[in-house]
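Hi,

Here is the structure I promised to pass on. Have a look at it first, and then read my notes below.

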Amino acid sequence: MLLQNGFVFTSHTGTFEKQDVLVQDGYIVRVGKDLDYKGGEQLDCTGKWLIPGLIDMHVHIKEHFANYFTAAGITTVRNTAGSVHELREMMEADGKGMGPRVISTDRLIDGPPGLWGETSPFNKNVSTVEEAIAEVRRQVELGAAFIKTYGWLSSENFEAVVMEAKKHGKEVSTDLVYSKDVTALSAAKMGVDWLEHASGIVQNLYPDWTMDAPSEVWQQIPWDEPDDEKILDVCKLLLAHQVKLCPTLVLYDQMNRAEEYWKPEHPVIHHLEAGGYQFVHWPGMAAAKAGQSSFGIQTKTIQRISYLYHQMEGIVVAGTDTPAGISTYPGLALHRELQLLVEAGFTEIEALKSATSVAADSLGRPDLGRIENGAVADLLVLNANPLENIENTLSTVSIVKQGVVYSPDELMTEIPDQETMLKRFAEWEAYFQTVEI
């Protein structure tokens with residue numbers, strides 16, 4: 001297939017240049033001007049802008065909303081807790097078909113009693129070093145791409161997880177939002193690779209603070225006027241340990257907005273609302289302004305942390321935590337994340353790279369997130385230039401997935417209805433009873 005006459009984004013220069021893109025067997029084989037090509041499919045991209053397929057670096061994906069990601073232009077996702085058993089088919093497909101490429105950990109490793117309850121196929125509560133080591137080994141054998149820890153894991157067991165993961169060449173990601181024992185800096189010293197939600201940093205900035213700290217502690221923190229000096233001191237230490245941040249700003253921002261949450265006009269939202277069953281928890285949370293005082297109030301501080309760390313040349317990638325919080329629309333939420341990064345001070349080029357080449361490189365997948373020879377042919381064809389306005393990433397007219405061209409509507413034709421999904425959930429529940437977890 002030949003994509004002709006489009007303005008093609010080049011990652012290393014951060015510019016668009018009018019070029020053709022030749023695709024064969026799902027890969028880009030040549031990018032250049034006036035390519036000589038006869039036969040096969042041709043797509044006229046005159047007056048269009050071509051960018052790499054986007055990468056959402058923090059999701060919790062399920063089959064019944066997977067294709068919404070690709071319909072919104074997200075061709076790869078990093079799943080930061082779930083079940084390899086449940087996601088195996090999507091993981092092994094590696095982006096073939098209508099769904100996104102899924103790079104996933106297995107269940108999150110937490111401490112008792114577990115923020116998400118008792119041990120299940122999706123979370124494991126460990127009480128001893130031996131249990132922590134055994135769980136890492138189980139996940140490695142199962143095929144988890146990395147290991148994920150949670151905030152109620154004790155410091156001793158946290159360190160055991162990290163040490164065992166490193167023995168097997170696995171990165172460790174952590175969510176320290178609710179942590180009291182482990183902070184961003186102590187996790188970094190243990191060797192953690194990823195801070196999800198840019199979490200654990202506030203605990204270092206304000207040692208008396210935790211998510212359940214008394215109101216007077218919360219009130220003493222200048223949430224809307226972040227202390228740059230404090231942030232820089234912590235970020236310098238994190239950078240020394242080469243920690244990577246996935247701030248998920250959209251999670252904080254949507255919680256902060258509550259009933260006035262961001263909701264663009266897009267086919268994904270029309271289709272999702274017509275189905276009506278996927279995210280029934282959102283309206284109640286919005287009406288109650290759930291989490292506004294605990295998550296939403298942190299928005300500007302997390303934005304500032306993200307920007308300053310990026311300015312120090314720390315790795316900051318775009319992620320959403322879909323479907324957590326309020327209206328983190330699958331796929332679309334990443335577009336909002338890019339907007340929030342720009343609001344924080346990132347240039348449009350830097351924001352775009354955080355969801356393409358920077359994200360791909362942080363995954364160890366240089367074949368993703370770029371339009372160049374040898375890369376996977378995941379591309380978006382846009383109606384408008386995203387470097388003039390980052391909101392133009394929403395102007396997608398075509399999605400190219402491994403060389404196959406789709407419209408957003410086509411990618412939603414296989415979204416299962418509620419009856420089908422209830423049947424599949426029952427099958428999964430029965431299956432998990434037979435699997436040793």
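The largest pocket has a volume of about 950 Å³. This is a predicted model, so local features need pLDDT of at least 70 and side-chain atom pairs count only at pLDDT 80 or more, while totals for chains, interfaces and linings use all residues. Residues are numbered from 1 along each chain as its sequence is written, and side-chain values use heavy atoms, with hydrogens and water left out.

A word on the pocket terms. On a 1 Å grid over the protein atoms alone, a pocket is an open set of points where a 1.4 Å probe fits, with protein on both sides within 12 Å along at least five of seven lines; lining residues have an atom within 4 Å of a point. Points are joined across faces, edges and corners, and the volume is the space filled by probe spheres set on them.

Back to that pocket: 36 residues line it, and His60, Trp116, Asp321, Pro323 and Ala324 lie nearest its centre. Helix H9 (249-257) and helix H11 (281-287) each supply at least two residues of the lining (helices are DSSP runs of H or I, at least four residues, numbered from the N terminus). By class, the lining has 19 nonpolar, 12 polar and five charged residues (nonpolar: Ala, Val, Leu, Ile, Met, Phe, Trp, Tyr, Cys and Pro; charged: Asp, Glu, Lys and Arg; polar: the others, Gly among them).

The second largest pocket has a volume of about 510 Å³. Of its 22 lining residues, Glu63, Ala66, Asn67, Glu89 and Met90 are the closest to its centre. Helix H2 (84-93) is one of the helices that supply at least two residues, and H2 gives the most, with five. This lining counts 11 nonpolar, four polar and seven charged residues.

Asp321 and Pro323 come up again as contacts of threonine 328, along with Leu251, Trp282, Thr320, Thr322 and Ala333, not counting residues up to four places away in sequence (contact: heavy atoms within 4.5 Å). Threonine 328 sits in the loop between helix H12 (299-311) and helix H13 (332-344). It counts as buried because its relative accessibility is 0% (buried: under 20% relative accessible area, with a 1.4 Å probe and protein chains only).

Now the inside. The largest nonpolar core has 103 residues, of which Ile61, Phe158, Ile201, Trp209 and Leu238 touch the most other members (a core is a set of buried Ala, Val, Leu, Ile, Met, Phe, Trp, Tyr and Cys residues joined through side-chain atoms within 4.5 Å). H13 makes the largest share of this core, seven residues. Apart from it lies another core, of 15 residues, among them Val8, Val23, Leu50 and Val400.

Tyrosine 309, in helix H12, is also buried, at 0% relative accessibility. Its contacts include Leu238, Val243 and Ile315. Tyrosine 309 and leucine 238 are 71 residues apart in sequence and 8.9 Å apart in space, C-alpha to C-alpha.

Last, helix H10 (residues 267-275), where Val268, Ile269 and Leu272 are buried. Seen down the axis of H10, these fall within an arc of 95°, so they line one face of the helix (the arc is that of the directions from the helix axis to the C-beta atoms). They pack against H1 and H13. Just after H10, glycine 276 takes a positive phi of about 75°.

Cheers

How values were computed. Buried means under 20% relative accessible area, exposed over 50%, partly exposed in between (1.4 Å probe, protein chains only).
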